[in-house]
Amino acid sequence: MGVVPTLEAVDRQPGSTGRRAPRHTRFLRRAPDLTAAIAALLGALSLVDAFLPHERFRVHAITRVIPVPATAAASAVLAVAGLLLLRVAAGLRKRKQRAWQVAMVVALVMLVALIVRAERRPDELAITALLIVLLIVGRSRFTAKADPFSRWFAARVFVQILCAAYVYGLGILYLYPHRIVGHRSFTLRLEEVSLGLVGTSGNLHFASDLFADVLHGTLLGFGLFAVAAPALLLLRAPEPIARLSTEDESRLRELLRRHGERDSLGYFALRRDKSVVWSATGKAAITYRVVHGVALASGDPIGDPEAWPGAIAAYRALVEEYGWTPAVMGASQLGATVFKREYGLNALELGDEAVLDVA
């Protein structure tokens, strides 16, 4: 039997009483989802704006005060910031503290860039200001710690940013072919984008200096971001990956020796690629593994059923500490009943066990 979370179980604000809760409490309960949605919207608008520059490539009167390189740099910052906001939106939805910090810095930088840029966009200014307000007001909700991650995560981020940079660069060159003078084959465009990522230009010639400045500035921003983000991930101390210690294994074996007969799936708890959380008395435990932000527990809690509520309480505290989504796979009817009563999870019947005499 699988046990899946309800909305109340995933995101229950302490002290709230549902519809009767104070307005501020109800807002805080919804703050992560609302903030994540606004961040994703602003990120998408920034990226769309990067592909649809309109009059940005014409020199406005404001460039008499603010130089052309400043407006080009502002456009580059907005494109990179938009990509970053799209990436941290999921972390905001899960109440990640680090996602809040990144989003706040990015939003403040975007606000400055929007003011400096030659072409003013009132809609983006308003949404950026709204995001900053939501981040400040809902600060107390973003307390979840970072997820465990492997070193391959940094490589994946690098590839994702690099792909986005090439899509942007080639997209701009193909959307505005009239900005290119002379021969413009795919090879030359690809070379221009590749060199732009490291801050130089290729053999393409452009009809507008401002167009070239914005293109090269944005590509350089993507290039710096592609190097800086994975470097920060690699230098950051990783959270512990799921691994069952020798001491935990011994304690689990003792619980299984005493109570294992009632659950035929109990010995799967001894897999070495799992983590374990214990009740305060040590008479029960829950084994789990985090998969894409879901703390997936397998089977019933191990140990004395009377101590299961204590193990579930410890599991719940851990889930809320990291902003994970709780879920249980393969629980018995009793286990599903206890999880539903103690955690408010919903149960879905997946099937029954059967033992066949093949002879």
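**Aromatic pairs**

I counted 7 aromatic pairs in the structure; rings of Phe, Tyr and Trp (its six-membered ring) pair if their centres lie within 6.5 Å, and planes under 30 degrees apart count as stacked, over 60 as edge-to-face and the rest as tilted. I looked up Tyr168 and Phe222: the ring centres are 5.6 Å apart and the planes stand at 45°, so this pair is tilted. Tyr168 belongs to helix α6 (residues 151-175) and Phe222 to helix α8 (residues 209-235), so the pair ties together parts that are 54 residues apart in sequence. Helices here are DSSP runs (H or I, at least four residues), numbered from the N terminus. I found both Tyr168 and Phe222 buried, meaning under 20% relative accessible area (1.4 Å probe, protein chains only).

I also noted one aromatic cluster, formed by Tyr288, Tyr315, Tyr322, Trp324 and Tyr343.

This is a predicted model: local features need pLDDT of at least 70, side-chain atom pairs count only at pLDDT 80 or more, and totals for chains, interfaces and linings use all residues. Residues are numbered from 1 along each chain as its sequence is written, and side-chain values use heavy atoms, with hydrogens and water left out.

**Charges over rings**

Arg139 sits over the face of Trp100, 4.3 Å from the ring centre. Arg189 sits over the face of Tyr174, at 4.0 Å. The criterion is NZ of Lys or CZ of Arg within 6 Å of the ring centre and within 35 degrees of the ring normal.

**Thr128**

I placed Thr128 in helix α5 (residues 122-137). Its relative accessibility is 0%, so Thr128 counts as buried. Apart from neighbours within four places in sequence, Thr128 is in contact with Leu42, Ala107, Met110, Leu111 and Leu114 (heavy atoms within 4.5 Å).

Technical notes. Helices (H or I, at least four residues) and strands (E, at least two) are DSSP runs, numbered from the N terminus. Buried means under 20% relative accessible area, exposed over 50%, partly exposed in between (1.4 Å probe, protein chains only).
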